[in-house]
Amino acid sequence: QPDGGLITNIGRAHIGTFGGVDQIIRGKSEIFDFLIKNDGIIWVNEQDEVIKNMSKRFSKSFSYPSEKSFCPVSFISSDPFLKVKVEGFPETSTQLIGAYNFSNVAAALAVGKYFNVPMDRALDAIAQYRPDNNRSQVIESGNNTLILDAYNANPSSMQVAIENLDHMNTSKNKLAVLGDMGELGVEEISEHQSIGKRLQSTGIAAVYVGPLMKHAHELHSESLWYSTADEALLQLGKRQFNNQLVLIKGSRSMKMERLKELF
């Protein structure tokens, strides 16, 4: 029975289960529907047009991160770690990689501000937080750097993870090790094909794992494919990886974090 609610984003997760993007939006909007009926409050990511439109029905909304919002936050950079700026305070360097984490940080600051958490303490907490749950986790392993983002995956999060890897300038030797994305229904083949096309266009080396990722491999010349994570462990264990920047990502069912021992 919530008094307040926040929808961080609306992506293409579980699209097969929900039956399309429109149904995902409908499902996520249910929390807003409840809060309207019960005079609740919401926090609104103004950078997401769908959420922004959904919020128009509310009289009690607290927006972020635009300049004139309830909680303005500025994106500074993300190579590799995200930096943000709140007016009146120094730039804050986080231990989170990727521009895609900006909206998460801004959401946390907006909620904290509403509950009267002093901004300096909130920014310090953001700076100190280091993920250790297979989400945007950076691991230095020998002379390799791993981006372990293997807690889960969907087409939206996979695309932004690839874009982040492509834009990182810390290494020229980049490798994406990607596992199947689950719960995509009739779109499972096309969504995996789009991953192969996207990676092919970047020039990033790729290892695909799982029966669905074979569709990505088929559209990505010179990539490797293995049917299971165990097979990938066995075959890639015969290789040496040096000075690599490696992204490991896949749906929870793939348990892609097992592959970190290769590097």
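How many salt bridges does the structure hold? The structure holds five. A salt bridge here is a side-chain nitrogen of Lys or Arg within 4 Å of a carboxyl oxygen of Asp or Glu. The model is predicted, so local features need pLDDT of at least 70 and side-chain atom pairs count only at pLDDT 80 or more, while totals for chains, interfaces and linings use all residues. Residues are numbered from 1 along each chain as its sequence is written, and side-chain values use heavy atoms, with hydrogens and water left out.

One of the salt bridges joins Asp33 to Arg57. Their closest N and O atoms are 3.1 Å apart. Asp33 sits in helix α3 (residues 30-37), and Arg57 in the loop between α4 (49-54) and β3 (61-64). The pair therefore ties together parts 24 residues apart in sequence. Helices (H or I, at least four residues) and strands (E, at least two) are DSSP runs, numbered from the N terminus. Asp33 counts as partly exposed, at 29% relative accessibility. Arg57 is also partly exposed, at 48%. Buried means under 20% relative accessible area, exposed over 50%, and partly exposed in between (1.4 Å probe, protein chains only).

Lys60 pairs with Asp39 in another salt bridge. Here the closest N and O atoms are 3.0 Å apart. Lys60 lies in the loop between α4 and β3, and Asp39 in the loop between α3 and β2 (41-45), so this pair links parts 21 residues apart in sequence. Lys60 is partly exposed, at 33% relative accessibility. Asp39, at 53%, counts as exposed.

A further salt bridge connects Arg252 and Glu257, with closest N and O atoms 2.6 Å apart. Arg252 is partly exposed, at 29% relative accessibility. Glu257 is buried, with a relative accessible area of 18%.

The interior comes next. In soluble globular proteins, nonpolar side chains tend to be buried together. A nonpolar core is a set of buried Ala, Val, Leu, Ile, Met, Phe, Trp, Tyr and Cys residues joined through side-chain atoms within 4.5 Å. The largest such core has 22 residues. Met158, Leu178, Ile195, Leu199 and Tyr208 have the most contacts inside it. At least two residues each come from α7 (155-167), β9 (174-179), α8 (188-202), β10 (205-209) and β12 (245-249). Helix α7 gives the largest share, four residues.

A second, separate core has 20 residues, including Tyr226, Ala229, Ala232 and Phe263.
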